[in-house]
Amino acid sequence: MATQTRYTDLGFVNAREMFRKAIDGGYAIPAYNFNNMEQLEAIIIGCVESRSPVILQCSGSAIKYMNQTFLKYMAMGVVQMAKELGGNIPIALHLDHGDSFDLAKTCIDQGFSSVMIDGSHHPFEENAKLTRQVVTYARSRDVSVEGELGVLAGIEDKVASEVSHYTRPEEVEAFVEKTGVDSLAISIGTSHGAYKFKVKPGEETPPLRFDILEEIEKRIPGFPIVLHGASTVVPKYVEMINRFGGKLDNAVGVSEEQLRRAAHSAVCKVNIDSDTRLAMTATVRKILAEKPEEFDPRKYLGPARDELVGMIKHKNESVLGSAGKA
Ligand code: G3H
Ligand code: 13P
Ligand code: ZN
């Protein structure tokens, strides 16, 4: 493995200061997943243009896909690009759903400024022990750590669960105290992926469990809370994908209104991956269907990147409230 790299040398910041400002200001920091160059560029351009702080995040499998070393230089490149675009916005590089101490350590050693250790599928004590081990290492490098209590349905990288288990508010104080985490991901009714709720067309989605969130806030006032599975599964893109040869039946996400409410609460980090995938896939499908003679990747990935910039700006400006806060 390559020599160690500190995140400050790459131009990243950890998430602590971002969270403090977001909680005080009643907004949420967007945490967008990426897997390739076009997604990464779009996230940065969208956040620079809306002057939003941002958390760039990738899962263990995304890191494998990109290659850890290549990812480091690509991430360093976008920090530089942001500056050249005139936006000195705070940018964190975060491991999403880290499933082992070794993965978290490798990321910290390779320039990540923030890591999630997801022990949520383990019993409480085991989760706390693993999380504490990561916090101890991360602290020595001033890297922020996100833990998770409660299980989301859907796929969390290698961890898949059929059903969700809401976070038990009575466990949060002890978990935060025992582990020393900087933020806590909770389960209040969202799930990963494009099929979040079983509703018939035209029906409203069930509300998130804000009562659980309020109970958690009472027990750990002012503590940064993270909402995973927060894609709205943008209907426009689902419709485009289906129109141009795809098959996404009954794909539904969280409503923007529910996300706005969450962003005003102790939720200060909102994770979005599926919407990014949908925006790109919809654009690529449309272009290839309409121009079957096209085979230059720039001609479909370029417009997909532009579409994504627009989606990111919309989320920052009209849903999360992070625009103008950088
Ligand atoms: O929460 C999971 C993220 O959407 C990452 O998904 O493991 O397919 O990269 P992935
Ligand atoms: P979505 O599948 O709703 O985009 O959730 C992404 C996520 O939580 C990444 O950790
Ligand atoms: Zn997640």
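The second largest pocket holds about 420 Å³ of space. This is a predicted model, in which local features need pLDDT of at least 70, side-chain atom pairs count only at pLDDT 80 or more, and totals for chains, interfaces and linings use all residues. Residues are numbered from 1 along each chain as its sequence is written.

**Pocket**
- The lining numbers 24 residues, with Thr232, Val233, Val234, Pro235 and Val252 nearest the centre.
- α10 (235-243) and α13 are the elements that give two or more residues to this lining.
- A pocket here is an open set of points on a 1 Å grid over the protein atoms alone, where a 1.4 Å probe fits, with protein on both sides within 12 Å along at least five of seven lines; lining residues have an atom within 4 Å of a point.
- Volume is the space filled by probe spheres set on the points.

**Zinc site**
- His97 (NE2), His192 (NE2) and His228 (ND1) coordinate the zinc ion (ligand 3) at 2.0 to 2.1 Å.
- Their spacing along the chain is H-x94-H-x35-H.
- His97 sits in strand β3 (residues 91-98) and His228 in the loop between β9 (225-227) and α10, 131 residues apart.
- Donors are N, O and S atoms within 2.8 Å of the metal (3.2 Å for Na, K and Ca); water is not among the atoms, so sites may look incomplete.

**Helix packing**
- Helix α11 (residues 256-263) packs on helix α13 (residues 297-320) at about 70°, with axes 9 Å apart.
- The two are therefore roughly perpendicular, a label for angles of 65 to 115 degrees.
- Glu256, Leu259, Arg260 and Ala263 in α11 meet His314, Ser318, Val319 and Leu320 in α13, where contact means heavy atoms within 4.5 Å.

Note on methods: Chains are lettered from A and ligands numbered from 1 in the order in which they are written. Side-chain values use heavy atoms; hydrogens and water are left out. Axes are lines fitted to C-alpha atoms, for helices over the stretch in contact, and angles run from 0 to 180 degrees between N-to-C directions. Helices (H or I, at least four residues) and strands (E, at least two) are DSSP runs, numbered from the N terminus. Angles under 35 degrees count as roughly parallel, over 145 as roughly antiparallel, 65 to 115 as roughly perpendicular and the rest as oblique.
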